[in-house]
Amino acid sequence: PVVTLVGKRHGERLGLTLLSRFGTPETIAYSNEEYIAAVARLAENAEWAADLKRRICSLHRTSPVWDAVAQVVGVESAYRQMLAVTQSTTSNR
């Protein structure tokens, strides 16, 4: 399990996205104080850390984030749509 501190830039918000999808919102901090508290809890509370790890592993098996086939199908579909738009634009010239 990891803790993330949410910021304003993309790289500072990626952890928010991933941890939200992994079902561990309690490891998302919106302030320095929340970050320190979550890290301390993770370090001091082995039972909580183990529960988070179990939840992440369980979600790993069922989450669309880790469904490589669905991800590829989605990207291929987007490419087909872009190609169709490009071909339609080109044929109208």
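T27 sits in the loop between α1 and β2. In this predicted model, is T27 buried or exposed? Its relative accessibility is 1%, so T27 counts as buried, the cut-off being under 20%. Leaving aside neighbours within four places in sequence, T27 is in contact with V2, V3, T4, L19, W48 and L52.

Beyond residues up to four places away in sequence, L52 touches P1, T24, E26, T27 and L42.

**The cores**

L52 also belongs to the largest nonpolar core, whose six residues are V3, A38, L42, W48, A49 and L52. Two elements, α2 (32-44) and α3 (46-62), each give two or more residues to this core. The largest share, three residues, comes from α3. Apart from this core lies another one of five residues, including V6, L19, F22 and I28.

| Helix | Residues | C-alpha end to end | Expected span |
|---|---|---|---|
| α1 | twelve residues (10-21) | 16 Å | 16 Å |

Which residues of α1 are buried? They are G15, L16 and L19. Viewed down the axis of α1, these buried residues fall within an arc of 100 degrees, so they line one face of the helix. As background, an α-helix has 3.6 residues a turn, so residues three or four places apart point the same way. The face of α1 turned away from the buried side carries the exposed residues H10 and G11. The cover over the buried residues of α1 includes β1 (4-5) and β2 (28-29). Just after α1, G23 takes a positive phi of about 75 degrees.

In α3, the buried residues are W48, A49 and L52. Around the axis they cover an arc of only 100 degrees, which puts them on the same side of α3. The face of α3 turned away from its buried side carries A46, E47, K53, R54, R61 and T62, which are exposed. What covers the buried residues of α3 includes α2.

**How α2 meets α3**

Two packed helices are described by the angle between their axes and the distance between the axes. Here α2 and α3 pack at an angle of about 100 degrees, and their axes are 5 Å apart. Why does α2 count as roughly perpendicular to α3? Angles of 65 to 115 degrees fall in that class, so the pair is described as roughly perpendicular. On the α2 side the contact is made by A38, R41, L42 and E44, and on the α3 side by A46, W48, A49 and L52.

**A last look at I56**

I56 lies in helix α3. I56 is partly exposed, with a relative accessible area of 23%. Not counting residues up to four places away in sequence, I56 touches P1 and T24, both of which are also touched by L52. The C-alpha atoms of I56 and L19 are separated by 9.2 Å, although the two residues are 37 residues apart along the chain.

How values were computed:
Residues numbered from 1 in each chain as written. Predicted model: local features only at pLDDT ≥ 70, side-chain atom pairs only at ≥ 80, totals over all residues. Heavy atoms only, no water. Core = buried A, V, L, I, M, F, W, Y, C linked by side-chain atoms within 4.5 Å. Buried < 20%, exposed > 50% of the residue type's maximum accessible area, 1.4 Å probe, protein only. Helix = DSSP H or I, 4+ residues; strand = E, 2+ residues; numbered from the N terminus. Contact = heavy atoms within 4.5 Å. Expected span 1.5 Å × (residues − 1). Arc of directions from axis to C-beta. Axes fitted to C-alpha atoms, helices over the stretch in contact; angles between N-to-C directions. Parallel < 35°, antiparallel > 145°, perpendicular 65-115°, else oblique.
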